[in-house]
Amino acid sequence: NEEHYLAVVLWDGWFHVDLRFLERRGVKLNGRSQYDFPEKAHKDGIKHPALFIGSAQFAAWPPLEKATSQLIATASQKRAIVLDSSTHEHFTEVPFWVPSSVIAAVSKYGGSRHLRNLRIVKEE
């Protein structure tokens with residue numbers, strides 16, 4: 001239901017799937033071991049203003065970076081951010097909704113890199 005949305009946030013997405021490791025373990029995939037995901041978005045493009053926020057880990061993997069860049073290119077209005085020194089495990093949806101003041105207080109004492117990155121995203 002695309003008409004129900006005004007914009008999209010793509011949060012460190014798996015925009016390319018590589019299942020060759022399963023084939024090496026004997027799983028039959030019928031030629032579908034690698035593909036861009038979601039296929040409809042790659043085929044039709046992003047129809048809304050889009051904010052792409054990604055990890056440095058995903059940006060460093062060439063097949064995933066290529067698929068992500070191709071998807072970003074389809075959005076007419078876009079902003080793309082890759083957070084330095086981040087991994088996919090730094091991304092979770094729950095802290096995104098925590099007030100910035102709480103994140104600031106926690107990060108001052110914990111010194112956590114992923115909390116610092118979250119503050120950067122929220123301030124952008």
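This is a predicted model: local features need pLDDT of at least 70, side-chain atom pairs count only at pLDDT 80 or more; totals for chains, interfaces and linings use all residues.

**Pockets and cores**

Student: How much space lies in the largest pocket?
Tutor: Rolling a probe the size of a water molecule over the atoms shows where empty space is left. For the largest pocket, that space comes to about 250 Å³.

Student: Which residues that line the largest pocket are the closest to its centre?
Tutor: The lining holds 13 residues. The closest to the centre are Leu10, Pro38, Ala41, Gly45 and Ile46.

Student: Which element gives the most to the lining of the largest pocket?
Tutor: Two elements give two or more residues: strand S1 (8–11) and helix H2 (39–44). With 3 residues, the one that gives the most is H2.

Student: Which element gives the most to the lining of the second largest pocket?
Tutor: About 210 Å³ of space lies in this pocket. S4, helix H3 (56–59), H4 and strand S5 (78–83) each supply at least two residues of its lining. The top contribution is 5 residues, and it comes from H4.

Student: By class, how many residues in the lining of the second largest pocket are nonpolar, polar and charged?
Tutor: The lining has 18 residues, and Gly54, Ala59, Thr68, Ile72 and Val82 are the closest to the centre. By class, the counts are 11 nonpolar, 5 polar and 2 charged.

Student: Which element gives the most to the largest nonpolar core?
Tutor: That core has 12 residues, including Leu10, Ala41, Ile46 and Ile72. The most, 4 residues, comes from H4.

Student: Which residues does Leu10 touch, not counting those up to four places away in sequence?
Tutor: Leu10 belongs to the largest nonpolar core. With residues up to four places away in sequence left out, Leu10 touches Phe15, Ala50, Leu51, Phe52 and Ile53.

Student: Is Val17 buried or exposed?
Tutor: Val17 sits in strand S2 (residues 16–18). The relative accessible area of Val17 is 16%. The cut-off is under 20%, so Val17 counts as buried.

Student: How many Å apart in space are Val17 and Pro63, C-alpha to C-alpha?
Tutor: In sequence, Val17 and Pro63 are 46 residues apart. In space, C-alpha to C-alpha, they are apart by 8.9 Å.

How values were computed: Residues are numbered from 1 along each chain as its sequence is written. Side-chain values use heavy atoms; hydrogens and water are left out. A nonpolar core is a set of buried Ala, Val, Leu, Ile, Met, Phe, Trp, Tyr and Cys residues joined through side-chain atoms within 4.5 Å. Buried means under 20% relative accessible area, exposed over 50%, partly exposed in between (1.4 Å probe, protein chains only). Contact means heavy atoms within 4.5 Å. On a 1 Å grid over the protein atoms alone, a cavity is a set of points where a 1.4 Å probe fits but cannot get out, and a pocket is an open set with protein on both sides within 12 Å along at least five of seven lines; lining residues have an atom within 4 Å of a point. Grid points are joined across faces, edges and corners, and a volume is the space filled by probe spheres set on the points. Ala, Val, Leu, Ile, Met, Phe, Trp, Tyr, Cys and Pro count as nonpolar, Asp, Glu, Lys and Arg as charged, and the others, Gly among them, as polar.
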